[in-house]
Amino acid sequence: MGVRSFFKLVEIQTKVASMIPFLLGTLYALFRFQQFEGYHFVLMLASLLSFDMATTAINNYYDYKKAIKTNGFGYEQHNAIVRYKLKETAVLCVIVVLLLTAVGSGIALFLSTGWLILLLGGLSFAVGILYSFGPIPISRMPLGELFSGLFMGFVIIFISVWIHVDKDRLAVLDIHGGMLSLQVNLPEVLLLLVVSLPAILGIANIMLANNICDMDEDMENKRYTLPVYIGFKHSLSLFRIFYGLAYLDLLALLMLKVHPVLVLLVFVTIIPVYKKGVEFTARPSKEKTFVIAVQNFVLMNMARIAALGVAVTLTALSIL
């Protein structure tokens, strides 16, 4: 398997959906708590990226095995296994290596941090596998947007903050004498949820755009996604609403003085995000316009990362 076919199999361009929340959480830990652990950062990066690639490869393999209609809808182009004539054994080997890397790095992170990582990591792994595999995969249900948004947009940010800070800042999970105890700093966790909303909604929109583009194919292959349930027009309306809610959330964070004033610069992205959103809703297409959902997500959240990065740098310089 070549590099090009591997990148197509794992859909490398979509990995921004996990890497951006990871960077946002890291910068939030630096900005709000002034804490950073390099070793934990590397372990989570390896585990997160490997697992994200593995779940995508599993999803493509599962679609390949379960497809009822194997021509039309661009199937021959957007399924890497068909497009590059990949051997099933090679695909399965890639999936196993990626999963072993993810699990190994995750266990090392657990041993270096605490039980909460094992709980959240295990839950994330389970959802990631069930997303693409099982009797009724999540990706074939009207819950894909909800699960992908919450787990990739919030849980990743939560973990990427938690691994850097003193545990009582967010949550502590302990086991003593067979007794399990969980302590949660509720105000901080709820605040982190609000901070995560633009990422949650942006990732949900990537999934929604993908399902809108695949509606005909999904109905043919009996995949009952959210657009199949609520219809084409309502799906496009929801796509627009998610972007509006994301910017309203950013405005609320500024008014509450949670984000630095520099995040005002993020609102410059409203114009291109709106224009690209109109372009997608006018002509939804997997080959031509689906990428707009990814581009909008990257634009909005990379602007946040840049603003937070500058704020962290200025804060560090003032401390020095």
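Colleague: Which residues does V161 touch, leaving aside those up to four places away in sequence?

Modeller: In this predicted model, V161 touches G25, Y28, A29, F33, L170 and L192. V161 is also among the residues with the most contacts inside the largest nonpolar core, which has 76 residues. Helix α9 (residues 186-213) gives the most to this core, with 15 residues.

Colleague: What makes the pair of E188 and R32 a salt bridge?

Modeller: The N to O distance is 3.0 Å. The cut-off is 4 Å between a side-chain nitrogen of Lys or Arg and a carboxyl oxygen of Asp or Glu, so the pair of E188 and R32 qualifies as a salt bridge. E188 lies in helix α9 and R32 in helix α2, so the pair ties together parts that are 156 residues apart in sequence.

Colleague: Why is E188 called buried?

Modeller: E188 has a relative accessible area of 15%. Buried means under 20%, so E188 is called buried.

Colleague: Why is R32 called partly exposed?

Modeller: The relative accessible area of R32 is 34%. Partly exposed lies between the 20% limit for buried and the 50% limit for exposed, so R32 is called partly exposed.

Colleague: How do you know that K286 and D214 meet in a salt bridge?

Modeller: Their side chains have an N to O distance of 3.1 Å, and the definition asks for a distance within 4 Å; therefore K286 and D214 count as a salt bridge.

Colleague: What makes D214 count as buried?

Modeller: D214 has 9% relative accessibility. The limit for buried is under 20%, so D214 counts as buried.

Conventions: Residues are numbered from 1 along each chain as its sequence is written. This is a predicted model: local features need pLDDT of at least 70, side-chain atom pairs count only at pLDDT 80 or more; totals for chains, interfaces and linings use all residues. Side-chain values use heavy atoms; hydrogens and water are left out. A nonpolar core is a set of buried Ala, Val, Leu, Ile, Met, Phe, Trp, Tyr and Cys residues joined through side-chain atoms within 4.5 Å. Buried means under 20% relative accessible area, exposed over 50%, partly exposed in between (1.4 Å probe, protein chains only). Helices (H or I, at least four residues) and strands (E, at least two) are DSSP runs, numbered from the N terminus. Contact means heavy atoms within 4.5 Å.
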